[in-house]
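Dear colleague,

Please find below the sequence and the structure that I am handing over to you. My notes on what was found follow directly after them.

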Amino acid sequence: LPKFWIMLRAFAKPAKLASARASTTCARALGGLGARFASTDGLKKTLVHAEHVKAGGSLVDFAGYAMPVQYKDTAQAQSIIDSVKHVRTKAGLFDVSHMCSLRWRGKDAIKFVESVTVADIQGLPMNTGTLSVIPTDTGGIIDDTMITKTKDALGEHVYQVINAGCADKDLAYFKDKMADFKGDVSLEVQWDNRGLYALQGPEAVAVMARLAPTYDFKAMGFGVAADMQLAGMDCFVARCGYTGEDGFEIFVPEKHAVALWQMLIDQGEVMPSGLGARDTLRLEAGLCLYGHDIDDTTTPSSAGLSWTVGKSRREAGAAPFPGSEKILAEVAGPKTVRKVRTGLVPKGAPAREGAEICLEDGTIIGKVTSGAVSPILKHNISMGYIDKPYNKAGTEVFVKVRGKMSPAVTTKMPFVPTKYYKP
């Protein structure tokens, strides 16, 4: 996984190059990468794998799954740059079925999930979700996760989505914690037996309204979830996403997975989008990628995620969670955090993961964790961890790329303004 993303980001070109040249270079390079992983033997396949192949998907090994980086040589083909622009202006459909869905049930389900995350689930309105983190005993991050308080025919429960690359360790961690938990909780894992799709972009809501004409999407704010029928197919839909755009994540049972994908792709506003566009979109939105921008050595406060710690979890006498002493101390006293995640705009060569961030005299003050060219801004963008006080927006620093120092300036994130919908 790390090698794949390093290779992918290597295709970004300096902003001064024409977008057409950057698009061509990117497509050629990704074509080679796709050929390298042309065989999907031994890899898991999502329920719509055949649809990716039919649409010309360049498949790569992503967390053990054969997943499309982009689509080529068909009517649905787009360069990564064009795919990013399409999502920002119309709607893109991502297969995120490689991610793992969990349903926690039992009268103590909320109590258990709160014991292994920083979320205030009890305080969430019904059918509402939030981003959270699963903390280590030392205050680091095991994984970032989406948590939704919801209900179905079997009753109220907690719906959770965890990252594919972290799922095995997350599940092992949860099972260890469940063994010591004194309460009523059970876990249902829903992974390869359902489809999970992300429909993202400003025209996504028009598509959803067409397929679910009786549902009031104007009243559905970002983070709200609901059971609904899309073209007669039962689905669980949350208004959320990983692109900075308005959008929806759609949980669909196995029996409808292929039909719903085909139905969505057939909508005039929609094009299939792959991993390449998704990574660029989330970086433009200033969002973290686990294993790169956050890991078990970064705390929520250093990552700019202190807001994920629920207010009730900060109160005196609140039930503890792993690492709560350190995490809450940093939330209460942010000045104690010495290094924080910060946006960067490199003015020279692209600054990718691993590049050192320095002062003019060569003193190292941080490291880049993600970097790419922004198709929307038409210049290079990066994020990384920088020592205070050099993280302050507008600070001139340098990045060391291939042994050469290039100027950069710190900036607030997101790089591209987010467009999350609020009623």
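A pocket here is an open set of points on a 1 Å grid over the protein atoms alone, with protein on both sides within 12 Å along at least five of seven lines, and its lining residues have an atom within 4 Å of a point. Please bear in mind throughout that this is a predicted model.

The second largest pocket

With that definition, the second largest pocket has a volume of about 220 Å³. Its lining comprises 15 residues, and those that lie nearest its centre are Arg 103, Asp 152, Asp 227, Phe 236 and Phe 251. By class, the lining of this pocket consists of seven charged, five nonpolar and three polar residues. At least two lining residues come from each of the strands E4 (100–105), E6 (141–152), E8 (186–190), E11 (233–238) and E12 (247–253).

The second largest cavity

Rolling a probe the size of a water molecule over the atoms shows where empty space is left. In this model, the count comes to five cavities of 30 Å³ or more. The second largest cavity holds about 110 Å³ of space. Its lining is made up of Met 146, Thr 148, Tyr 159, Val 161, Leu 196, Phe 236, Ala 238, Cys 240, Glu 249 and Phe 251. Eight of these lining residues are nonpolar, one is polar and one is charged. Strands E6, E7 (155–162), E11 and E12 each contribute at least two residues to the lining of the second largest cavity. Phe 236 and Phe 251 are named both among the residues nearest the centre of the second largest pocket and in the lining of the second largest cavity.

Thr 148, one of the residues lining the second largest cavity, is found in strand E6. Is Thr 148 buried or exposed? Its relative accessibility is 6%, and buried means under 20%, so Thr 148 counts as buried. Leaving aside residues up to four places away in sequence, Thr 148 touches Asn 127, Thr 128, Gly 129, His 157, Val 158, Tyr 159, Ala 225 and Phe 236.

The open sheet

Strand E6 also belongs to an open sheet of five strands, in the order E5-E6-E7-E4-E8, with antiparallel pairing. Strands E5 (128–135) and E8 stand at the edges with a single partner strand each, so one side of each has no neighbour in the sheet. On average, neighbouring strands of this sheet are turned by 30 degrees against each other, direction ignored. Within the sheet, E6 and E7 are paired antiparallel over eight bridges, and Lys 149 stands opposite Val 158 in E7. Helix H6 (residues 167–180) lies across E4, E5, E6, E7 and E8, and runs at about 15 degrees to E4.

Strand E18 (residues 396–401) is joined to strand E19 (residues 404–411) by six bridges, and the two run antiparallel. In this pairing, Glu 396 stands opposite Val 409, and Val 397 stands opposite Ala 408. The hairpin of E18 and E19 has two residues between the strands, and Arg 402 takes a positive phi near 50 degrees there. Strand E15 (residues 356–358) is joined to E18 by three bridges, again antiparallel, and Cys 358 stands opposite Phe 398 in E18.

In a regular strand the side chains alternate between the two faces of the sheet. Which residues of E18 lie on its covered face, and which on its uncovered one? Val 397, Val 399 and Val 401 form the covered face, whereas Glu 396, Phe 398 and Lys 400 form the uncovered one.

A loop position

Finally, Ala 319 is found in the loop between helix H10 (311–314) and helix H11 (324–332). With a relative accessibility of 52%, Ala 319 counts as exposed. The C-alpha atoms of Ala 319 and Glu 114 are separated by 8.5 Å, although these residues are 205 residues apart along the chain.

With kind regards

Conventions
Residues are numbered from 1 along each chain as its sequence is written. This is a predicted model: local features need pLDDT of at least 70, side-chain atom pairs count only at pLDDT 80 or more; totals for chains, interfaces and linings use all residues. Side-chain values use heavy atoms; hydrogens and water are left out. Two strands pair if DSSP finds at least two bridges between them. Helices (H or I, at least four residues) and strands (E, at least two) are DSSP runs, numbered from the N terminus. On a 1 Å grid over the protein atoms alone, a cavity is a set of points where a 1.4 Å probe fits but cannot get out, and a pocket is an open set with protein on both sides within 12 Å along at least five of seven lines; lining residues have an atom within 4 Å of a point. Grid points are joined across faces, edges and corners, and a volume is the space filled by probe spheres set on the points. Ala, Val, Leu, Ile, Met, Phe, Trp, Tyr, Cys and Pro count as nonpolar, Asp, Glu, Lys and Arg as charged, and the others, Gly among them, as polar. Buried means under 20% relative accessible area, exposed over 50%, partly exposed in between (1.4 Å probe, protein chains only). Contact means heavy atoms within 4.5 Å. Axes are lines fitted to C-alpha atoms, for helices over the stretch in contact, and angles run from 0 to 180 degrees between N-to-C directions.
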